[in-house]
Amino acid sequence: MTDRTRTDQPVVTLTGKVALITGAARGQGAAEASLFVRLGATVVLTDMNEAEGVALARELGPAASFAPLDVTDGAAWSRVVAEAVAAHGRIDVLVNNAGVYRKAPLEEWTEEELRGLFDVNLLGPILGMRAVAPAMPATGGSIVNVSSISGMRGHGGALPYASSKWGLRGASRSAAREYAPRNIRVNCVCPGAVDTPMIDAATLDLSHLPMPRAGTVDEIAAMVAFLASDAGAYCTGADFVVDGGATA
């Protein structure tokens with residue numbers, strides 16, 4: 001019979017972990033950074049939005065710092081990772097949260113716009129994994145890539161975005177297999193409609209959903225924190241959907 005009184009089971013705590021989060025100045029990334037600090041992590045917030053990133057890091061206190069980062073620039077990744085390792089000795093958790101979204105018919109996209117979106121949403125996380133994995137300790141680490149339910153099904157009117165998120169799921173599963181011998185776990189979180197500055201959920205008709213409302217940034221952050229923590233120690237190469245039943 002299972003002993004339900006045991007207290008040595010993993011819980012969601014990030015005490016002692018060093019995390020790097022992209023796109024952390026606002027919205028979903030800011031919620032993740034805030035929760036990580038509350039759960040005991042030391043957090044390096046990164047973003048192109050330096051003013052809001054610096055302000056949030058100050059608000060979160062001494063466990064948080066900010067570094068500007070263009071996720072499409074491999075040299076910038078190397079710099080930020082080197083600075084984090086110099087300051088903290090290692091990186092235990094990488095959250096590839098930065099992303100861009102635009103909804104428009106495919107024929108309205110220029111080639112430059114297509115490359116720009118793919119560079120942020122797909123190349124950026126790949127560059128991040130390449131830069132951060134060597135900085136993770138021998139005991140391992142956790143990489144959480146933020147995809148989307150648009151990366152699990154067709155999304156008419158947002159073909160480039162959906163394609164980039166499909167690609168990120170594939171990159172995540174491939175990285176999970178590649179890094180498993182080093183005890184580095186790689187998973188995807190796939191949000192549905194979430195109320196963020198990037199997606200104005202108030203303009204969406206969500207009445208068809210089993211849970212007919214938008215998700216909150218805190219609900220996504222909770223899943224990311226679980227995967228970053230030792231509570232998710234046997235989870236790798238998987239998609240974790242947080243969508244109110246949209247894909248059910």
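**Isoleucine 143 and its sheet**

Isoleucine 143 lies in strand β5 (helices, H or I of at least four residues, and strands, E of at least two, are DSSP runs numbered from the N terminus). This is a predicted model: local features need pLDDT of at least 70, side-chain atom pairs count only at pLDDT 80 or more, and totals for chains, interfaces and linings use all residues. Residues are numbered from 1 along each chain as its sequence is written, and side-chain values use heavy atoms, with hydrogens and water left out.

Trainee: Is isoleucine 143 buried or exposed?

Mentor: Buried means under 20% relative accessible area, exposed over 50%, partly exposed in between (1.4 Å probe, protein chains only). Isoleucine 143 has a relative accessible area of 0%, so the residue is buried.

Trainee: Which residue stands opposite isoleucine 143?

Mentor: Start with the strands. β4 (residues 93-96) and β5 (residues 141-146) pair in the parallel sense over four bridges; two strands pair if DSSP finds at least two bridges between them. The residue opposite isoleucine 143 in β5 is leucine 94.

Trainee: Which residues is isoleucine 143 in contact with, leaving aside its neighbours within four places in sequence?

Mentor: Contact means heavy atoms within 4.5 Å. With those neighbours left out, the list includes Leu94, Asn96, Met129, Met136 and Tyr179.

Trainee: How many disulfides does a search of the whole structure find?

Mentor: A disulfide is a pair of cysteine sulfur atoms within 2.5 Å. The sulfur of cysteine 190 is 5.3 Å from the closest cysteine sulfur, in cysteine 188, so the two are too far for a bond. Both are buried: cysteine 188 has a relative accessible area of 0%, and cysteine 190 is at 0% relative accessibility. The number of disulfides found in the whole structure is zero.
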